[in-house]
Amino acid sequence: MNSPDTQNMELIHKIQNIKQQLGTSVVIPAHHYMPPEVVAISDFIGDSYKLAVLASKTDAEYIILCGVRFMAESAAILARAGTEHPQTVLTPDPVSGCPMADMIDAIQFKLLITMLQKKLQKAIIPVTYMNSYADVKALTGEYNGSICTSSNAEAIVRHFIEQDKPVFFTPDRNLGLNTAHKLGIPDRKVFIIDKTGTIQGEGNPTEGLLFIWDGFCHVHKNFTLHDIKRVREQYPGIQIIVHPECDPEVVQAADASGSTEGMYAKLKNAPGGSVWAVGTEINFVKRAATEFTDKTIIPLKESLCFNMARINLEKVLASLESILNHKAVPDNPLKFKLSVDASVKSLAEKALRTMIDLTGKSQ
Ligand code: SF4
C-alpha cells in the first residue's frame with residue numbers, strides 16, 4: 001500500500017495534468033483553512049470574500065471552490081451570469097456545510113427582523129456576516145442591509161448606527177459583541193436575540209443599537225482564557241493573536257485580534273525571532289508556521305474545522321474529471337455544480353455591493 005505522501009503525489013500529478021488540459025478555463029481558489037496538499041494544487045488562497053471576488057475576475061469558465069458550501073455560494077453570487085462567458089461554480093463536496101451558517105435560516109431571519117421592527121417601531125438594518133447562506137444574504141439585500149467580513153464589521157456597523165439606525169447582526173454572536181466593544185457601544189444598547197427569539201440585555205430594547213443573533217463557530221469558541229494563561233506561562237513574552245469569532249473575554253485577553261487575512265498579514269510582517277500563539281483553525285496556523293519560518297508560530301490550541309477538512313485531493317480530482325467528461329458529453333453531470341437562483345443572486349449581490357460601497361473594499 002502506498003504511503004499517504006505517495007498517494008498525495010499521485011493525486012497531485014493527476015490534478016496538475018487535467019489542469020494543464022483545461023488551461024485557463026478552470027480556476028481553483030482555496031480557503032486559508034484548507035490542508036497543505038489542497039493549497040498546493042490551488043491557484044490562489046484567501047478568505048471567503050477574496051476568493052469569490054478574485055475567481056469572478058478570472059477568465060475561467062469553471063470555478064472549483066475549495067472551501068465550505070457558503071463560500072462556493074458566495075462565488076456563485078459574484079460569478080458572471082448570462083450568455084457571454086458565464087461562470088459555473090463547483091463544490092468538491094456539497095455536504096461541507098458550516099454549523100454557524102446553519103444557525104439562522106431565511107424563515108427565522110424574516111420573523112426576527114419583523115419582530116424587531118415591530119418592537120422598535122422603526123426600520124432595523126441587517127448586517128450579515130459572509131459566513132451565511134445565499135438566501136440569508138438575499139434577505140439582507142431585500143431589507144437594505146449589508147454583508148460584512150470579520151475585517152470590516154466595525155466599519156459597516158458604525159456606518160448604520162452613526163445614522164441612528166439600529167442593526168440586526170447575524171449570525172455570529174462573538175463577532176457582534178467584539179465589534180460592539182471595538183466601537184465602544186455601551187452594554188445597555190447591545191442585545192442578544194436567543195434561539196427562542198427572546199431579547200436579552202440590560203437596557204431598554206427600544207433604545208438599542210445592536211441586536212445580535214446567538215450563533216457561534218465551534219472552531220473559535222474552543223479557545224479559552226485557560227489556553228491563554230497556559231501559553232503565557234509556557235512561553236514568557238509570547239504574543240497571542242486570535243480571530244474575532246472567539247469569545248470576547250478571549251479576544252480581550254489576547255494581544256491582538258484580526259480576520260484571517262489580517263492575521264496572515266500580521267504574522268508575515270512580524271519581526272523575525274518573534275513568538276506567536278494563534279487562535280484560529282489549525283490548518284491556517286500550521287501553514288503560517290511553515291511559511292514564516294523566521295518566527296515561532298504555535299497554535300493557541302489545535303482546533304479543526306471538520307467541514308473544511310472534508311475537501312481533499314480525491315474530491316478535487318473528481319470535480320476536474322467531471323469537467324472533462326461534461327465537456328465531452330454535456331449530459332454528464334458536474335461534480336458538483338452549485339447554482340444560486342437568479343433572484344437570490346441579485347439581492348445577495350446587492351447586499352455585497354453595499355459592503356463594497358461602504359468600505360471601498362473590492363476584495
Ligand atoms: S471555521 Fe467555523 S465559521 Fe468557518 S466554516 Fe468552519 S464552522 Fe463555519
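### Around Thr280

Tutor: Start with the side chains of Thr280 and His220, which are joined by a polar contact of 2.7 Å. By that I mean an N or O pair within 3.5 Å where, within protein, one atom can donate a hydrogen and the other accept it; residues adjacent in sequence count only if both atoms are side-chain atoms. This is a predicted model, so local features need pLDDT of at least 70 and side-chain atom pairs 80 or more, while totals for chains, interfaces and linings use all residues. Numbering runs from 1 along each chain as its sequence is written, and side-chain values use heavy atoms, with hydrogens and water left out.

Tyr33 also reaches Thr280, side chain to side chain, with a polar contact of 3.2 Å. Beyond four places in sequence, the residues in contact with Thr280 (heavy atoms within 4.5 Å) include Phe223, His243, Met263, Val285 and Ser303. Thr280 is buried at 0% relative accessible area; the cut-offs are under 20% for buried, over 50% for exposed and partly exposed in between, with a 1.4 Å probe and protein chains only.

Where does Thr280 sit? In the loop between β14 (275–279) and α13 (282–291). Those labels are DSSP runs numbered from the N terminus: helices are H or I of at least four residues, strands E of at least two.

Pairing takes at least two DSSP bridges; β9 (190–193) and β11 (210–213) run parallel with 4.
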